[in-house]
Structure formats: structure tokens, C-alpha cells
Amino acid sequence: MAEIKDPENTILMELSNGTVTIELLPDIAPKHVERMKELVRSGAYDNVAFHRVIDGFMAQTGDVANGNMENDFNIGRAGTGGSDMPDLPAEFSKIPHARGSIGAARSSSPNSANSQFFINFGDNDFLNGQYTVYGMVSSGMEHVDKLTRGEPPTAPDRMISMKVAADA
């Protein structure tokens, strides 16, 4: 595991095959960082499916309304919801959508991000300036690389748990 420099802005995502460490970028996207930490601390992301995993592109998760695999889960609905909190305004930056970056998933409206996010498998420069980047995988990307592919996957993987490192 990578050295944790800022435990308050580091997320530990537990997958079935290991831990993914995510360094959040509070100076770049403070509202998105605060939302993720709030949802992590409430346990909202625990057991949520990776509902869209596209080889060479990205792995999307975070539908806390419809993606919990322990709570009336229907893969056909996963990816259609968010949290009960209001949508977030875009916080675009010059940070590229590089391999391991965390991007805010949203609808066609730039100000519609809520709880869903994606992890880029490769450098996806065509997303730059269009989706908020608010974190970066610092270790464990090899675990993300092993997620079951599909739109949606027939047997989706899940985030077993997520914790803010300061609380772990």
C-alpha cells in the first residue's frame, strides 16, 4: 500500500481482491471531495456495484440509490440514481483524465454529478475539461484492472467497503 500523506483526504476502497488507495484532490474539486467523504463516512458506498466497466476506458460505480448489491439489487437499475443530496456544480480543472484518475459521473448536464464516479483504465484525454477529476489511485490499480467487464457486467464486482483513511 502507498504511503498515506493526508489521511483526511485519502479513501481506502476494499475490493474482493485487495485495497485501492485513492488520494482526493480537495484543492482542485472541494465540493466533490466533501461529497465523497460524506457518503463514505455514512457507509453509502459499501456493497455498491461496478455497473459499467468498459475495457480500455473506465469502471463506473457509486449509485448509492440503486447499486447496493445487498438491498433489492437490480443490475438494470444500477447507474440510474444518486444520493438524496443535491447535485454538484462542475469543478473542471486542468487535471487530465489519466490512468487511475477519479472522475465524477454525470448526465448530459455539467452540473448533475451526485454520487457516481469512475476510475479511468487509461488516459482518456477526450474527457478533459468536461468531467470533474477529484482523485487519483495511488496504489491498487491492479485490483481495478481485474474488475469484471460489461455494460452491465453479468456478475458485477462491488466495493465491499470504503473508508476515509483518517477513520480506519
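This is a predicted model: local features need pLDDT of at least 70, side-chain atom pairs count only at pLDDT 80 or more; totals for chains, interfaces and linings use all residues.

Trainee: How many salt bridges does the structure hold?

Mentor: A salt bridge is a side-chain nitrogen of Lys or Arg within 4 Å of a carboxyl oxygen of Asp or Glu. The structure has 8 of them. In one, the closest N and O atoms of lysine 37 and glutamate 34 are 3.3 Å apart.

Trainee: Is lysine 37 buried or exposed?

Mentor: Buried means under 20% relative accessible area, exposed over 50%, and partly exposed in between (1.4 Å probe, protein chains only). Lysine 37 counts as buried because its relative accessibility is 5%. Glutamate 34, at 46%, is partly exposed.

Trainee: Which residue meets arginine 41 in a salt bridge?

Mentor: Aspartate 167 does, at 2.6 Å from N to O. Arginine 41 lies in helix 1 and aspartate 167 in the segment after strand 10 (161-164), so the pair ties together parts 126 residues apart in sequence. Helices (H or I, at least four residues) and strands (E, at least two) are DSSP runs, numbered from the N terminus.

Trainee: What about methionine 13, buried or exposed?

Mentor: Methionine 13 is buried, with 0% relative accessibility, and lies in strand 1 (residues 10-15).

How values were computed: Residues are numbered from 1 along each chain as its sequence is written. Side-chain values use heavy atoms; hydrogens and water are left out.
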